[in-house]
Amino acid sequence: MKKYILILLLASCATKNNIQEVQQPPARPIISAKKEAIKIDKKVKFTDIVYFAFDSSSINESMADELTDNVIWLKQNPAQNLTIEGHCDERGTKEYNLALGERRAYAVKKFLVNSGVKKNRLKTVSYGEERPNALGSSERAHQKNRRVQFIKN
């Protein structure tokens, strides 16, 4: 009985007037202006595939460098649109892998958009484990299948 009274008492104290929303800091561009200025004048190589760690949709530092080149390439080619495909290895259920592929594609899209690419130029799709890049159940095959692939439209 004491638990219920305490819960009711706490709930009655939480009104709209005394609850404050936490403000998120504005998203900052991933690419520094200096780094972009250095690369913008020369041709950069477009990376078709970036690879992910097992069960991860996080972008690591080496991937960020490759994606930075893609951002610059996209800025140099403003008429070019991309489809960002998320892929997984065969481990996990179909549903889980579709969701993981979606998270990977969205993480890459978010990186590109935060770096100045207009989001209407980017489309995401997840294929989960359905379109492997390498056949087999070895770690080498798994590594090649944990990826995001870019398709130029």
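With a relative accessibility of 41%, Asp55 falls in the partly exposed class. The model described here is predicted. Asp55 belongs to the loop that runs between strand E1 (49-51) and H3. Although Asp55 is not a glycine, its phi is positive, at about 55°.

The loop between E1 and H3 also holds Phe52. Phe52 counts as buried, because its relative accessibility of 4% is under 20%. Apart from neighbours within four places in sequence, the contacts of Phe52 are Ser57, Ser58, Met63, Arg104, Val108, Arg146, Arg147 and Val148.

The protein contains five helices and four strands. In sequence order these elements follow the pattern α-α-β-α-β-α-β-α-β. Of the 153 residues in the protein, 34% are buried. When contacts between residues at least 6 apart in sequence are considered, 78% of them join residues at least 24 apart.

In soluble globular proteins, nonpolar side chains tend to be buried together. The largest nonpolar core of the model has 21 residues. Within this core, the residues that touch the most other members are Val50, Ile84, Val108, Leu112, Val148 and Phe150. Two or more residues each are given to the core by helix H3 (61-76), strand E2 (82-87), helix H4 (94-114) and strand E4 (147-152). The largest contribution comes from H3, which supplies seven residues.

Val108 is placed in helix H4. The relative accessible area of Val108 is 0%, so Val108 is buried. Beyond the neighbours within four places in sequence, Val108 is in contact with Val50, Phe52, Ile59, Leu67, Ile84, Val148 and Phe150. Val108 and Ala64 are separated by 44 residues in sequence, and their C-alpha atoms are 9.2 Å apart in space. For Val148, with neighbours within four places in sequence again left out, the contacts are Asp48, Ile49, Val50, Phe52, Ile84, Glu85, Gly86, Arg104, Ala105 and Val108.

Two packed helices are described by the angle between their axes and the distance between the axes. For H3 and H4 the angle is about 55°, and the axes are 10 Å apart. H3 is therefore oblique to H4. The crossing of the two helices, H3 and H4, is right-handed. On the H3 side the contact is made by Ala64, Leu67, Thr68, Val71 and Leu74, and on the H4 side by Val108, Phe111 and Leu112. Sorted by class, the residues in the contact of H3 with H4 are seven nonpolar and one polar, with no charged residues. Val108 and Leu112, which take part in this helix contact, are also among the core residues that touch the most other members.

Helix H3 also contains Asn70. Asn70 has a relative accessible area of 0% and is therefore buried. Leaving out neighbours within four places in sequence, Asn70 contacts Lys45, Phe46, Thr47 and Phe150. Phe150, one of these partners, is another of the core residues that touch the most other members.

A further asparagine, Asn133, sits in the loop between strand E3 (122-128) and helix H5 (139-145). Asn133 has a relative accessibility of 39% and counts as partly exposed. Excluding neighbours within four places in sequence, Asn133 is in contact with Ile49, Tyr51, Lys144, Asn145 and Arg147. Asn133 and Cys88 lie 45 residues apart in sequence, with a C-alpha to C-alpha distance of 9.5 Å in space. Arg147 is listed among the contacts of Asn133 and among those of Phe52.

Methods
Residues are numbered from 1 along each chain as its sequence is written. This is a predicted model: local features need pLDDT of at least 70, side-chain atom pairs count only at pLDDT 80 or more; totals for chains, interfaces and linings use all residues. Side-chain values use heavy atoms; hydrogens and water are left out. A nonpolar core is a set of buried Ala, Val, Leu, Ile, Met, Phe, Trp, Tyr and Cys residues joined through side-chain atoms within 4.5 Å. Buried means under 20% relative accessible area, exposed over 50%, partly exposed in between (1.4 Å probe, protein chains only). Contact means heavy atoms within 4.5 Å. Axes are lines fitted to C-alpha atoms, for helices over the stretch in contact, and angles run from 0 to 180 degrees between N-to-C directions. Angles under 35 degrees count as roughly parallel, over 145 as roughly antiparallel, 65 to 115 as roughly perpendicular and the rest as oblique. A crossing is left-handed if the near helix is turned anticlockwise from the far one by less than a right angle, and right-handed if clockwise. Ala, Val, Leu, Ile, Met, Phe, Trp, Tyr, Cys and Pro count as nonpolar, Asp, Glu, Lys and Arg as charged, and the others, Gly among them, as polar.
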